[in-house]
Amino acid sequence: LAQAILAPVSCGFQPKARRSLPTHTMKRGRAGRGAKLKISLGCGVATLMNCADNSGAKNLYVVAVRGIGGRLNKIPQCGPGDMILCTCKKGKPELRKKMLKGVVIRQKKCWRRREGIFIYFED
């Protein structure tokens, strides 16, 4: 249903030090990391997707989505351009049983562009 590519670094998330900000400077959305357009999110945690690069991994299992805080009983979703934490279920033995970083590049679920057209991929 979706495809991803692996990032060159194959390790887990690096936790950042939290700092408290005054309430009047709090930002909404992506916390000032750039504007990501709202698109329909096509895959969530526990999705099994194809790997689209030449790393040797065939199937990737999504474990977590980067930048999703979480809510009780709500599954974290991801779409094209989102960074994910995944494991290789099928592929080279040296890639298996490790946490890998990946980026979602395609999804089957259609999303709307600002000019009004809907885009989706076959795979």
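This report describes the fold, surface, salt bridge and cysteines of a predicted model.

## Basis of the model

Residues are numbered from 1 along each chain as its sequence is written, and side-chain values use heavy atoms, with hydrogens and water left out. Because the model is predicted, local features need pLDDT of at least 70 and side-chain atom pairs count only at pLDDT 80 or more, while totals for chains, interfaces and linings use all residues.

## Fold and surface

The chain contains 9 strands and 0 helices, in the sequence order β-β-β-β-β-β-β-β-β. Both terms refer to DSSP runs numbered from the N terminus: helices are H or I of at least four residues, and strands are E of at least two. Of the contacts (heavy atoms within 4.5 Å) with a separation of 6 or more, 59% join residues 24 or more positions apart.

Of the 123 residues, 25% are buried. Buried means under 20% relative accessible area, exposed means over 50%, and partly exposed lies in between (1.4 Å probe, protein chains only). The chain exposes about 9000 Å², of which carbon and sulfur atoms supply 53%; the areas come from the Shrake-Rupley method with a 1.4 Å probe.

## Salt bridge

The structure holds 1 salt bridge, defined as a side-chain nitrogen of Lys or Arg within 4 Å of a carboxyl oxygen of Asp or Glu. Arg113 pairs with Glu115, and their closest N and O atoms are 3.7 Å apart. Arg113 is partly exposed at 40% relative accessibility, whereas Glu115 is exposed at 56%.

## Cysteines

There are 0 disulfides, a disulfide being a pair of cysteine sulfur atoms within 2.5 Å. The closest cysteine sulfur to that of Cys78 is in Cys43, at 3.4 Å, which is too far for a bond. For Cys88 the closest is in Cys51, at 7.4 Å, also too far. Cys78 is buried at 0% relative accessible area, and Cys88 is buried at 3%.
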